[in-house]
Amino acid sequence: MHGEICYLIVKPHDCDSICLTCSTAGIFVNGGIDNEAEEIDYERHSEIYKDLVTFLREKSAKFSENMSKQQHSFFGDKKKGKKKSTSVTEKEEVCTLSKPSLALEKSPSEKRRTLKKLEPVLKWTCPVTQEKKNSAKESQDEKSTPSITEKPKSTSPPTLAGKPQSLSRCKSSVKIEDLVSESSSESEEDEEQPDHRQEGQTDLPSEYWQIQKLVKYLKGGNQTATVIALCSMRDFNLTLETCQLAIRDVGGLEVLINLLDTDEVKCKIGSLKILKEISHNSQIRRAIVDLGGLPIMVKILDSPDKNLKCLAAETIANVANFRRARRTVRQHGGIKKLVELLDYAQSKTDPMHHHCLYETKDVEVARCGALALWSCSKSHINKEAIRKAGGIPLLARLLKSSHQNMLIPVVGTLQECASEERYRAAIKAERIIENLVKNLSSENEVLQEHCAMAIYQCAEDKETRDLVRQHGGLKPLATLLNNTDNKERLAAVTGAIWKCAICKENVTKFREYKAIETLVGLLTDQPEEVLVNVVGALGECCQEHENRVIIRKCGGIQPLVNLLVGTNQALLVNVTKAVGACAAEPENMMIIDRLDGVRLLWSLLKNPHPDVKASAAWALCPCIENAKDAGEMVRSFVGGLELVVNLLKSENKEVLASVCAAITNIAKDQENLAVITDHGVVPLLSKLANTNNDKLRWHLAEAISRCCMWGRNRIAFGEHKAVAPLVRYLKSKDTNVHRATAQALYQLSEDANNCITMHENGAVRLLLDMVGSPDEVLQEAAAGCISNIRRLALATEKAKYS
Amino acid sequence: MYTANRKRLQKLTDCTSKASKHFNRYEIECLIKLFYTLLEETAEKQSSIGIDRNAFRNFLHTTFGMTDDMIMDRVFRAFDKDNDGFVNVTEWISGLCIFLRGNLEERTKYCFEVYDLNGDGFISREEMFHMLKNSLLKQPSEEDPDEGIKDLVDITLKKMDHDHDGKLSFADYETSVKEEALLLEAFGPCLPDTKSHLEFEAQVFKDPHDL
């Protein structure tokens with residue numbers, strides 16, 4: 001991209017999120033971030049603004065109000081630009097809504113549940129203190145006091161410190177650059193706080209000075225002095241952000257990282273112990289990566305000293321919590337080395353050492369390796385790298401162990417990786433499912449959660465679904481449903497049940513364990529992550545008649561219909577599917593109708609997400625089929641028929657197929673058929689005829705065959721050139737397509753012109769083959785069509801000769 | 001030379017092996033051989049009773065890369081239990097036993113002995129200062145280079161002095177080491193580092209029939 005510097009998402013107080021591009025020419029709105037692909041649409045969608053401040057002033061009234069309050073205390077617009085950038089916090093979480101995923105964020109302040117939503121937050125502190133902060137910072141920058149400028153802020157470009165006066169909007173936005181250039185792939189990204197500089201030099205806590213002194217000894221001392229200083233540094237509460245940042249600000253991070261590069265084992269150990277603690281802080285993590293700390297830590301993984309290996313791996317586990325870090329680990333061969341750590345021989349006898357702690361140490365090494373791999377595995381490419389490095393058999397072996405502390409990161413890693421198809425094959429091969437099921441009954445809730453999550457991922461695959469049943473996994477899953485306190489675990493368990501329920505035998509088992517009733521109980525008062533899965537599971541269960549009855553009997557239909565009014569895309573897809581499945585029972589349909597469910601489904605056709613539209617349309621089919629007075633009901637939705645017909649203009653194949661299916665059902669009622677004909681259904685359907693998509697072909701042909709039964713629609717289809725493409729459908733391999741097409745052609749063949757077209761396109765030969773088909777409907781339709789064509793031919797002959 | 005002393009070697013091995021728990025017979029034999037090799041190199045008289053201070057320090061320096069004179073001296077003192085200025089065979093074996101393969105408890109006692117310069121059972125501030133004297137690079141801008149050392153001593157005392165009596169008793173030291181293993185050699189390296197340790201053992205315990 002030419003001249004572009006960075007991409008921002010800004011969420012002001014009083015309007016929606018805006019996606020911006022900052023470039024050398026100025027700031028403009030871009031096409032936004034596509035949630036599914038996590039790609040930014042780089043097209044310019046607005047004017048180019050001079051700088052961020054000007055833009056925000058235009059867009060947000062509150063912003064310009066606040067800005068004008070600060071106007072007089074600062075010199076020049078440009079300064080404001082810089083200040084503004086530090087006070088806007090952007091939290092970027094780009095995500096897909098298709099699966100809940102768990103974050104390995106050890107720092108409690110950063111732990112977040114996801115279905116990741118775009119959660120922008122504007123941290124707007126009182127303008128007065130903000131001023132003071134920034135004036136202090138700027139004066140620091142200007143004066144370049146030695147103690148502060150030593151800090152390794154490599155993320156801020158050198159020009160920023162030196163020339164505050166000549167700041168342009170470009171440089172102000174560069175400060176937040178590292179925020180945005182990291183888009184997360186499938187996992188959480190740290191929240192990037194703009195640097196919290198000290199308020200003023202007088203306010204520094206005493207720890208700051210003590211730490212500074214210790215760092216001085218680290219720099220200037222020999223090994224002995226260094227070790228003393230390192231041990232002393234650990235006495236500070238390194239979980240406090242002030243201490244963590246103090247270490248960074250006095251140049252402590254460089255020293256600590258340099259120590260890692262020496263040959264002195266004790267210094268390395270001491271340094272890693274500190275780095276391990278402070279790397280819980282996201283700013284420190286980034287600083288460590290910026291300073292090149294990761295490659296050095298990866299090298300340490302080769303050390304023969306087990307303590308060092310463990311510490312290095314644990315520190316890597318903490319640091320690799322964002323994408324760039326994970327990539328760096330991989331690029332320096334870290335994944336391979338970490339996988340090697342997992343490989344410990346269970347009984348190793350070394351003639352040199354008689355220490356009995358040998359084995360325990362090995363377990364610890366494997367555990368730390370697994371922790372680090374867990375962090376790294378959140379990146380897509382790393383998952384593949386782990387597999388290539390032979391990680392799966394090793395993880396499988398470790399899974400048999402009984403050390404709980406080890407099991408959690410191992411299962412965590414497997415669960416992350418199981419989202420990749422290639423992994424699932426390997427997972428089946430290594431009998432991992434058996435152990436996952438075994439650990440579902442562990443007492444450790446976190447372990448249970450991750451096992452359930454892993455099963456959820458793996459159960460996309462049919463064999464796994466069977467394996468889970470065969471190893472007795474369904475019962476513990478059903479039992480865990482009863483414990484609703486731990487929401488993360490509940491989400492994982494319901495997810496596993498959902499995917500397992502795709503298999504019919506599993507559903508039978510679930511019914512035995514009364515899981516269906518329990519699931520219905522979970523339809524209310526649960527967070528969305530749980531609901532998506534519960535509804536998904538019920539939707540699968542409802543494929544069977546018995547279960548549909550059970551759901552009705554335990555009052556499940558009402559809560560389901562109530563969920564039709566949500567906004568969560570994934571949830572809506574599942575709810576519509578479940579409601580549609582329920583509607584296959586006429587008794588259920590009565591309840592759904594009474595609760596106004598059909599109208600709600602219909603309005604979902606207006607939902608912006610194509611998945612929701614399609615799912616709603618599919619669901620409407622059984623509703624219309626099974627409702628009493630279906631025709632009347634459909635007509636009662638004002639503008640409903642027009643809406644459906646207009647959906648035929650969509651570009652999404654799934655939407656089109658589903659709408660065609662709906663139209664097929666709607667058109668069963670003559671009056672409605674008349675109405676949709678008026679709305680122009682015939683030309684719209686005809687336009688879709690040229691498609692290779694079998695699913696669409698099937699439903700389109702059915703729709704056409706229904707719509708033929710009104711007025712001059714048959715002729716109209718011929719006029720809109722729908723016939724010839726239909727003939728080509730007969731060449732498809734799908735028998736559903738054949739049947740539907742034959743029926744459509746049969747209906748169309750009532751019109752002479754259509755017969756001619758069909759004949760010209762070689763329909764007869766194709767249909768002849770189908771006359772012998774075992775499918776009776778197909779047989780009849782094909783035969784009927786041929787007979788019409790033949791009759792016309794005969795009549796023409798006769799006319800010729802008379 | 002060896003064949004004549006074989007019997008003597010056997011007898012010595014028998015004696016010393018009871019005292020040292022961490023070496024097996026073969027290893028003790030090797031160490032005894034090493035002892036005599038060192039003795040030959042340095043002493044003219046065959047009847048000398050042991051390795052003297054200089055020879056020992058030389059051994060520490062060449063084999064384990066130790067450089068701190070004061071510490072090396074203290075190590076010699078720790079080996080030389082009967083304080084006669086020589087390390088005889090028994091002292092050699094039992095010293096190396098701890099030096100190379102001591103468990104944490106043994107090593108703690110040993111290090112404390114090394115650091116307790118005047119042997120009064122406490123590591124005082126002055127002793128600490130003495131040992132840390134050269135541990136900080138002298139800054140050209142500093143007027144009082146000792147300032148840093150004094151501070152370091154204070155820091156160490158604050159960390160390790162659990163009974164707050166201004167000096168480190170063995171109990172203080174032991175507690176600190178149990179909490180943080182890195183503090184074992186807090187005042188200077190008096191144990192071998194891993195690398196030279198492994199090299200030494202590989203060399204000394206090598207089977208002469210192996211090539």
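Here are some questions and answers about this model.

Colleague: What should I know about the model and its numbering before we start?

Modeller: This is a predicted model, where local features need pLDDT of at least 70 and side-chain atom pairs count only at pLDDT 80 or more, while totals for chains, interfaces and linings use all residues. Residues are numbered from 1 along each chain as its sequence is written, chains are lettered from A and ligands numbered from 1 in the order in which they are written, and side-chain values use heavy atoms, with hydrogens and water left out.

Colleague: Let's take chain A. How many helices and strands does chain A have, and what share of its residues count as buried?

Modeller: Helices (H or I, at least four residues) and strands (E, at least two) are DSSP runs, numbered from the N terminus. On that basis chain A has 49 helices and four strands. Buried means under 20% relative accessible area, exposed over 50% and partly exposed in between (1.4 Å probe, protein chains only). Of the 802 residues of chain A, the buried share is 57%.

Colleague: Which residue joins the side chain of A:Thr494 in a polar contact?

Modeller: A:Thr494 sits in helix H28 (residues 487-500) of chain A, and it counts as buried because its relative accessibility is 0%. Contact means heavy atoms within 4.5 Å, and beyond its neighbours within four places in sequence A:Thr494 is in contact with A:Leu481, A:Leu522, A:Val530, A:Asn533 and A:Val534. A polar contact is a pair of N or O atoms within 3.5 Å; within protein, one must be able to donate a hydrogen and the other to accept it, and residues adjacent in sequence count only if both atoms are side-chain atoms. At 3.5 Å, the side-chain partner of A:Thr494 is A:Asn533.

Colleague: How far apart are A:Asp466 and A:Lys462 in helix H26, counted in helical turns?

Modeller: Their side chains meet in a salt bridge (3.0 Å, N to O), a term for a side-chain nitrogen of Lys or Arg within 4 Å of a carboxyl oxygen of Asp or Glu. A:Asp466 counts as buried at 14% relative accessibility, whereas A:Lys462 is exposed at 53%. An α-helix has 3.6 residues a turn, so residues three or four places apart point the same way. Because A:Asp466 and A:Lys462 are four residues apart in H26 (residues 462-470) of chain A, their separation is about one helical turn.

Colleague: Now for the interface. How much area do chain B and chain A bury between them?

Modeller: On the contact count, 23 residues of chain B touch 20 residues of chain A. Buried area is the accessible area (1.4 Å probe) that two parts lose on being put together, summed over both. With 61% of it on carbon and sulfur atoms, the area buried between chain B and chain A is about 2,000 Å².

Colleague: Which helix gives the largest share of the side of chain B that touches chain A?

Modeller: There are five salt bridges between chain B and chain A, one of them joining the side chains of A:Asp235 and B:Lys159 (2.8 Å, N to O). Helix H8 (146-160) and helix H10 (194-204) of chain B each supply at least two residues of the side that touches chain A. The largest share, six residues, comes from H8(B).

Colleague: And where in chain B does B:Glu185, the partner of A:Lys266, lie?

Modeller: The side chains of A:Lys266 and B:Glu185 meet in a salt bridge at 3.3 Å, N to O. At 12% relative accessibility, B:Glu185 counts as buried. The pair runs from A:Lys266 in helix H13 (residues 265-278) of chain A to B:Glu185, which lies in the loop between helix H9 (170-179) and H10 of chain B.
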